[in-house]
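Reader: I am new to this structure and would like to be taken through part of it. Could we look at it together?
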Amino acid sequence: MEYEVRRFLLCGALMLSTIMLLTGCGDSRQQIDINGQTMGTYYSVKLIKQDGLPSPEAIKKEIDKRLELVNDQMSTYRPDSELSQFNQLQSTQPFEVSAATAKVISEALRISKLSNGAYDVTVGPLVNLWSFGPEARPESTPTDQEIATRKAEIGYQHLSVIDGNKLVKDLPDLYVDLSSIAKGYGVDVVADYLKDDLHVKDFMVDVGGEVRLQGKNRSDVPWRIAIEKPIANERAVQDIIQAGNMAIATSGDYRNYFEEDGVRYSHLINPQTGKPIANHVVSVTVIAPSCMTADAYATTFSVMGEEESLALANKEKLPVMLIVKTKDGFVEFKSDTFEQYVVKK
């Protein structure tokens, strides 16, 4: 068995980890590899050569153009992006955006409602309050009053999409950050280009560790992805999954947290408490038809904890695996539909 190992930035968790693409021996088909940079991380596209495809250079040019458009629409690092312009708008008047931005925010709001606010793309002011710095810890722990003040400035319920493509906020200072869902959407944009425009039968799209798969690999077997064990000083495989024509997103904080006076502080903020998450979930893997949806849910379940997460995942029939740290070691919690994707060892 051949392992291809790459480092990647996991969604919503500001952490480095590893994804392993597993292929068989004796590869029988020609694979085209296209790589680049986007959204502050890498992208990697693997597709199996077939008749009628443009050159790899032409495909890369089109991929870059489409990912640039996503950045122009949803980046908070670009002052002229649609999202930045909306954030800068000190008004409660409707603001027209592209269908793409409206689609992503609509999905974010849907998941916010389903999770009772555990997922919230307006949580930025709280994240900034905790201001995790280069040493992965704030200079001082915010007071309850400071947290209460910032909580009054956030809330998905203050954001809405009307008339198909207009954003409205009822708090003029509301700030929206789509970093926990836009990367997954970028994966979908590339995958849909390959599938719908080029009619590629077999591909894998990976943007910073968020993945969407279709068909089979160069060994003519379905793509397999290895999920990493949540061990800070070691890289090893927890499970191998074969997700079919689906997307996979992972979130976790087992490498990015700090402990002070016996208290463990995560980089993930719970919008409901205004504080870093206090559960023992260290890794979440979500499988869904769209990477946009998988991306957002991975962050959601990291915040919610194992019991609430499994209840929601089973209700929505979502394949989800959570790895929880206990006094006896790491324990897997899987939703009812996850086991079917695990490759038996």
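**A helix and its surroundings**

Author: This is a predicted model. Just after helix 8, Lys 317 takes a positive phi of about 60°.

Reader: Which residues of helix 8 are buried?

Author: Ser 309, Leu 310, Leu 312 and Ala 313 are buried in helix 8. Viewed down the axis of helix 8, the buried residues fall within an arc of 165°, so they line one face of the helix.

Reader: And which exposed residues does the face turned away from the buried side carry?

Author: That face of helix 8 carries Glu 307 and Lys 315, which are exposed.

Reader: What do the buried residues of helix 8 pack against?

Author: They pack against helix 3 and helix 7, and also against strand 18 (320-326) and strand 19 (329-334).

Reader: How do the axes of helix 7 and helix 8 cross?

Author: The axes of helix 7 (residues 291-304) and helix 8 (residues 306-316) cross at roughly 140° and come within 8 Å. That angle makes helix 7 oblique to helix 8. By class, their contact has five nonpolar, two charged and one polar residues.

Reader: Which residues meet there?

Author: From helix 7, Tyr 297, Phe 301 and Met 304 meet Glu 308, Ser 309, Leu 312, Ala 313 and Glu 316 of helix 8.

Reader: A change of topic: where does Ser 98 lie?

Author: Ser 98 lies in the loop between strand 5 (95-96) and helix 3 (99-114).

Reader: Is Ser 98 buried or exposed?

Author: Ser 98 is buried, because its relative accessible area is 16%, under the 20% cut-off.

Reader: What does the side chain of Ser 98 make a polar contact with?

Author: The side chain of Ser 98 makes that contact with the side chain of Thr 101, at 3.2 Å.

Note on methods:
Residues numbered from 1 in each chain as written. Predicted model: local features only at pLDDT ≥ 70, side-chain atom pairs only at ≥ 80, totals over all residues. Heavy atoms only, no water. Helix = DSSP H or I, 4+ residues; strand = E, 2+ residues; numbered from the N terminus. Buried < 20%, exposed > 50% of the residue type's maximum accessible area, 1.4 Å probe, protein only. Polar contact = N/O pair within 3.5 Å; in protein donor to acceptor, adjacent residues only side chain to side chain. Axes fitted to C-alpha atoms, helices over the stretch in contact; angles between N-to-C directions. Parallel < 35°, antiparallel > 145°, perpendicular 65-115°, else oblique. Contact = heavy atoms within 4.5 Å. Nonpolar A, V, L, I, M, F, W, Y, C, P; charged D, E, K, R; others polar. Arc of directions from axis to C-beta.
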